[in-house]
Amino acid sequence: MLLKADQWTDYTCLDAGGGEKLEQWNGIILRRPDPQAIWPADASNRMWKNADAVYHRSSSGGGEWEYRKKLPASWTVTYHGLTFKVSPTGFKHTGLFPEQAVNWDWMSSLIRTHRDEDLRILNLFAYTGGATMACAAAGAKEVVHVDAAKGMVAWAKENRDLSHLEDRTIRFIVDDCLKFVEREKRRGRTYHGILMDPPSYGRGPGGELWKLEKELPHLISACLDIFDDNGLFFLINGYTTGFSSVVLEDLMKVLFRNRKAGGTISAGEVALPIAERDLYLPCGIYGRWERND
């Protein structure tokens with residue numbers, strides 16, 4: 001199934017094509033690479049030439065932003081009552097993945113429906129905390145936010161304050177996600193909702209090597225060890241090229257069949273609608289498990 005993040009008011013994908021995407025973030029227009037956009041861009045769209053900032057890749061790796069007008073170091077966007085800091089980074093990102101709003105909405109709806117259950121939620125590879133804030137705002141009793149990057153966790157705390165969620169129980173942890181999960185098992189802690197957004201490749205704070213195809217089955221199995229017997233949802237996001245949603249769905253079917261009775265598994269892609277072109281920009285895959293009530 002293709003899930004479309006079409007409920008934004010502060011964000012719009014204005015166009016995509018020619019290996020780039022053109023986005024409007026609360027009035028500021030950014031142009032940056034996107035390898036999925038292999039079709040031609042709309043040559044009649046003048047906004048391509050009027051972008052406020054353009055990200056240029058370097059032949060030696062990485063890249064840099066070209067600012068065509070003076071921009072603030074950061075600004076904010078809002079979504080369904082949440083406020084997030086946006087800031088262009090040296091790795092072309094902005095601190096937010098707007099396509100993930102479809103998953104925020106799904107989790108928020110489940111939490112609101114079952115908030116009388118005192119739900120504990122674990123967010124792994126949690127980045128700047130879009131999902132963390134959505135789950136906390138929806139009424140989760142506790143949200144545990146884990147990421148190996150200290151700077152991203154600090155950014156997530158800013159988003160908590162911007163969204164006025166200081167009174168919610170959110171634990172921010174800088175740690176290797178798998179090691180944290182294994183320690184939670186030894187502590188006997190369980191979670192009613194687990195979500196993860198693992199990278200294709202990376203290293204933990206102690207130099208631990210992570211490669212998705214090799215490590216994901218073990219990570220899911222470890223998370224199932226701390227998934228509560230009355231677990232509500234389990235979400236996996238993926239951005240690895242060539243790792244299809246069918247593979248992810250099959251992996252979940254096998255692992256959940258052995259470890260967790262009942263529930264419904266679904267998988268597919270998430271995408272952003274491209275304004276006025278009747279096209280959708282694919283932005284990764286998802287796999288979901290949801291308790292059958």
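**Reading aromatic clusters, cores, strands and contacts**

In this predicted model, ring pairs join Trp-8, Tyr-11, Trp-25, Tyr-79, Phe-84 and Trp-104 into a cluster.

Student: What should I know about the model before reading it?

Tutor: This is a predicted model, in which local features need pLDDT of at least 70 and side-chain atom pairs count only at pLDDT 80 or more, while totals for chains, interfaces and linings use all residues. Residues are numbered from 1 along each chain as its sequence is written, and side-chain values use heavy atoms, with hydrogens and water left out.

Student: How many aromatic pairs does the structure hold?

Tutor: A pair of aromatic rings is described by the distance of the centres and the angle of the planes. Rings of Phe, Tyr and Trp (its six-membered ring) pair if their centres lie within 6.5 Å; planes under 30 degrees apart count as stacked, over 60 as edge-to-face and the rest as tilted. The structure holds 15 aromatic pairs. One of them, Phe-97 with Tyr-127, is tilted, at 5.3 Å centre to centre and 40° between the planes. This pair links distant parts of the chain, 30 residues apart: Phe-97 lies in the loop between β8 (82-86) and α1 (101-113), and Tyr-127 in the loop between β9 (120-124) and α2. Helices (H or I, at least four residues) and strands (E, at least two) are DSSP runs, numbered from the N terminus.

Student: Which residues have the most contacts inside the largest nonpolar core?

Tutor: In soluble globular proteins, nonpolar side chains tend to be buried together. A nonpolar core is a set of buried Ala, Val, Leu, Ile, Met, Phe, Trp, Tyr and Cys residues joined through side-chain atoms within 4.5 Å. Buried means under 20% relative accessible area, exposed over 50%, and partly exposed in between (1.4 Å probe, protein chains only). The largest core has 53 residues, and those with the most contacts inside it are Trp-8, Trp-104, Met-107, Ile-121 and Phe-233. Its largest share, 7 residues, comes from α1. Apart from it lies another core, of 32 residues, among them Leu-124, Val-146, Tyr-191 and Phe-256.

Student: Why is helix α2 described as largely enclosed?

Tutor: Because 8 of the 9 residues of α2 (residues 130-138) are buried, the helix is largely enclosed by the rest of the structure. The buried residues include Met-133 and Cys-135. Just after α2, Gly-139 takes a positive phi of about 115°.

Student: How many bridges join β3 to β4?

Tutor: Two strands pair if DSSP finds at least two bridges between them. Strand β3 (residues 20-25) and strand β4 (residues 28-33) run antiparallel and are joined by 6 bridges; Glu-20 stands opposite Pro-33 in β4. These strands form a hairpin with 2 residues between them, and Asn-26 in the turn has a positive phi of about 50°. On its other pairing, β3 is joined by 6 bridges to the antiparallel strand β2 (residues 11-17), where Tyr-11 has Trp-25 as its bridge partner. Both faces of β3 are covered.

Student: Is Arg-189 buried or partly exposed, and which side chains does it join?

Tutor: Arg-189 counts as partly exposed, because its relative accessibility is 25%. A polar contact is a pair of N or O atoms within 3.5 Å; within protein, one must be able to donate a hydrogen and the other to accept it, and residues adjacent in sequence count only if both atoms are side-chain atoms. The side chain of Arg-189 makes such contacts with the side chains of Glu-142, at 2.9 Å, and Glu-184, at 2.8 Å.
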